[in-house]
Amino acid sequence: MASHNALLSGIDLQCYENNHAHRTEEMDMERLLVRRGQPFSVVLQCTDHIPLLPDHQLNLILHLGKNNEVVLKVSDSEQDHGKWWFSQRNAQGEVMLTLHSPADALVGLYSMTVVLLSADGQILEQTKSYTFYLLFNPWCKDDSVYLPSEELLQEYILNENGILYQGSWDDITTVPWDFGQFEKDMVDICFEVLDNSPAALKNSGMDIANRGSPVYVSRTVTAMVNANDDRGVVSGRWDGEYSDGVAPTRWTGSVPILRRWTEGGGQKVRYGQCWVFTGVACTVLRCLGIPARCITNYSSAHDTDANISVDYLFNDQLESVSEGRKDSIWNYHCWVESWMKRDDLPDGYDGWQVLDPTPQERSDGVFCCGPCPVHGVKEGEMGLKYDTPFVFSEVNADLIVWIVHPDGERIQVSQNSKVIGRNISTKSVYGDFREDITANYKYPEGSMKEREVYKKAGRQVGQKNEGPGQLELFIKHAPAIHGTDFDVIIEVYNAGREDTDAQLIVTSNAITYNSIHRGECQRKTTSLTVPAHKAHKEVLRLQYDHYGACVSEHHMIRVTALLQPTDQDNIILQEINIPLKMPALHIKIIGKAIVSRKLKAHISFTNPLPVSLQGGVFTVEGAGLTEAKEIKTHGKIEPGQAVTVKFSFKPTRAGLRKLLVDFDSDRLRDVKGEATVIVRTKMQNRNAVPEI
């Protein structure tokens with residue numbers, strides 16, 4: 001179609017100007033990445049000696065999808081609202097083309113061709129194809145992911161560093177996480193994740209046609225981040241056996257996981273647990289342009305039978321008799337919230353939506369969860385899609401204790417509405433500290449409004465043992481440092497006027513964060529008489545010799561106390577989860593941090609355990625600083641011995657960056673550390689002499 005006198009010589013995509021204007025310059029400066037609903041301009045380069053004739057016409061053709069499933073002819077005037085169009089300005093042998101995409105345009109990798117037509121519509125010539133990515137645009141008020149706060153967008157789209165919350169509701173700990181959504185090739189990998197979904201592989205045209213909807217895209221992300229049903233990214237494992245992969249606690253960020261997945265041809269990456277799934281999902285969502293944040297719910301219910309309660313079953317000897325897939329209370333559970341309009345729901349449910357990529361229960365036959373409107377959870381609207389009953393149980397189920405008699409009869413002995421769903425947490429937009437968002441999910445525990453919502457959600461509200469009875473049970477503990485012995489104190493207080501006899505059973509178990517028992521540490525059974533208005537104290541000494549052999553990689557001990565008054569049916573149950581304090585990693589940065597200039601880091605660690613450690617390995621990574629690297633230690637690390645490793649790296653991008661470090665060994669895992677680094681460009685170096 002091109003002649004010897006060709007008019008069109010090429011297109012300058014103006015990547016630097018466009019990417020800067022669309023806030024994608026951190027992703028790439030050599031490829032065009034733009035956001036929908038916001039214009040961008042490219043320059044059509046023409047031969048100098050032949051001007052564009054006035055009777056010639058330009059057309060733009062866009063293709064989307066690997067097999068060009070979607071073809072769009074872009075008009076040169078805004079005739080139909082909500083469709084692509086372009087305007088043009090001619091100057092000095094070039095034509096500036098400004099493209100306008102609708103705010104609900106399909107996201108993905110487009111190819112663009114400019115066609116020159118004659119006055120009668122004949123194709124005279126056309127350019128080669130040029131590609132660009134179109135992303136969601138939370139800065140555009142007509143986009144369904146619009147978030148009208150620059151402060152929130154700086155955090156929930158642009159921040160590559162995050163904090164995940166772990167520990168227990170009364171002893172919250174932090175874990176740094178490197179989202180790295182702007183690292184090299186991340187945008188390609190994130191769209192590759194979508195392209196590998198079962199819907200895309202089955203009918204790519206239909207899948208691409210739905211990619212204008214953040215509801216559809218985010219639900220696809222939750223299904224694809226776990227590898228349970230599909231060519232998903234991360235395989236979950238909770239049994240402590242990770243020799244054929246990477247222990248979940250080893251990861252410090254999403255980028256190595258996503259890169260390993262794509263380099264392996266879509267083979268699942270081993271292994272992840274809830275915070276890993278959450279971190280990876282947050283990376284993908286932020287990269288695609290959907291505002292996202294990581295949430296931790298403490299004392300999180302896993303309700304297997306969808307009855308909005310967690311049921312603990314004991315026999316007459318106060319031994320657990322739950323069979324099969326039993327309900328449980330996770331010490332904590334992480335998920336993602338994303339921000340979007342819900343045009344598929346009645347009014348009132350826009351805003352934050354729960355997305356849970358951890359495979360727990362199936363939703364429409366697939367291991368995914370959400371998007372579920374947070375406001376719908378708070379109001380107990382169980383009919384809203386997606387998965388509102390499951391999320392409601394996670395944050396607001398009641399704990400019900402039953403006695404099962406030998407003939408199979410069940411008797412409910414207590415119901416507690418205040419145990420589940422505590423201190424729901426996310427990182428603040430104002431710094432590296434915690435924001436409590438429990439009030440977003442439910443009304444104050446035990447309040448009349450909270451009980452009304454619980455009843456509306458479909459459960460009878462019992463009052464049995466809601467308040468303190470004659471006997472009250474409390475558990476306290478001394479500072480629990482991993483590697484040391486410490487005391488747990490169980491106190492039984494008699495608020496009545498008469499002495500009361502009771503049986504007290506106390507057990508301590510090494511558990512994972514999601515309540516899988518790894519072994520019993522100690523057990524103590526006591527018959528006691530508690531005088532009126534007096535307290536009885538029992539001390540359980542937890543020794544490293546007992547818990548050290550079975551403690552999980554989450555360094556968690558659960559102490560459970562069951563108290564049964566001799567002449568009464570009601571049982572009082574109290575549990576506390578004790579996170580064992582971990583040593584700190586010390587990181588020292590040596591030198592000035594300047595883009596492309598070598599920088600050194602020294603990392604030191606001291607073994608806190610009374611046993612030697614073997615197979616020690618440090619993992620370091622940081623968005624804009626260095627790709628993930630492993631540094632192995634040699635030989636044993638004896639008790640109390642300090643180890644220091646050194647490594648060098650060259651920062652790749654300027655700005656406030658974080659270097660994240662993890663230490664793992666045979667007997668001690670998940671030791672974390674971080675260092676903040678301010679990286680300057682070469683011209684920002686105070687000693688540099690600017691060029692004239």
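**Close-up views of a predicted model**

**View 1. Surroundings of His333.** Apart from neighbours within four places in sequence, His333 contacts Cys274, Ile295, Thr296, Asn297, Ser300, Asp356, Thr358, Gln360 and Glu394 (contact: heavy atoms within 4.5 Å). The model is predicted, with local features needing pLDDT of at least 70 and side-chain atom pairs counting only at pLDDT 80 or more, while totals for chains, interfaces and linings use all residues. Residues are numbered from 1 along each chain as its sequence is written, and side-chain values use heavy atoms, leaving out hydrogens and water. His333 belongs to strand β17 (residues 328-340); helices (H or I, at least four residues) and strands (E, at least two) are DSSP runs numbered from the N terminus. His333 is buried, at a relative accessible area of 0% (buried: under 20% relative accessible area, 1.4 Å probe, protein chains only).

**View 2. Residues annotated as "active site".** An unreviewed UniProt entry lists Cys274, His333 and Asp356 under this heading; such annotations may be inferred rather than shown by experiment. These residues are spread over 83 residues of sequence, yet they cluster in space, with a largest C-alpha distance of 9.7 Å.

**View 3. Strand β15 and its partners.** All 11 of the 11 residues in β15 (residues 292-302) are buried. Strands β15 and β17 pair in the antiparallel sense over 10 bridges, where pairing requires at least two bridges found by DSSP. Ile295 has Trp335 of β17 as its bridge partner. Strand β22 (residues 422-427) runs antiparallel to β15 and is joined to it by 2 bridges, and Tyr298 is partnered there by Arg422.

**View 4. Packing of helices α6 and α8.** Helix α6 (residues 214-225) packs against helix α8 (residues 274-288) at an angle of about 145 degrees, the axes being 10 Å apart. Axes are lines fitted to C-alpha atoms, for helices over the stretch in contact, and angles run from 0 to 180 degrees between N-to-C directions. From α6, Val217, Ser218, Val221 and Val225 meet Phe277, Val280, Ala281, Val284, Leu285 and Leu288 of α8. By class, this contact has 9 nonpolar, 1 polar and no charged residues.

**View 5. An open four-stranded sheet.** The 4 strands follow the order β27-β26-β29-β30 with antiparallel pairing. Strands β27 (517-530) and β30 (572-579) stand at the edges with a single partner strand each, so one side of each has no neighbour in the sheet. The average twist from one strand to the next is 15 degrees. Strand β26 (residues 500-511) pairs with β27 over 12 bridges, and Ile505 has Thr525 in β27 as its bridge partner.

Definitions and conventions: Nonpolar A, V, L, I, M, F, W, Y, C, P; charged D, E, K, R; others polar. Buried < 20%, exposed > 50% of the residue type's maximum accessible area, 1.4 Å probe, protein only.
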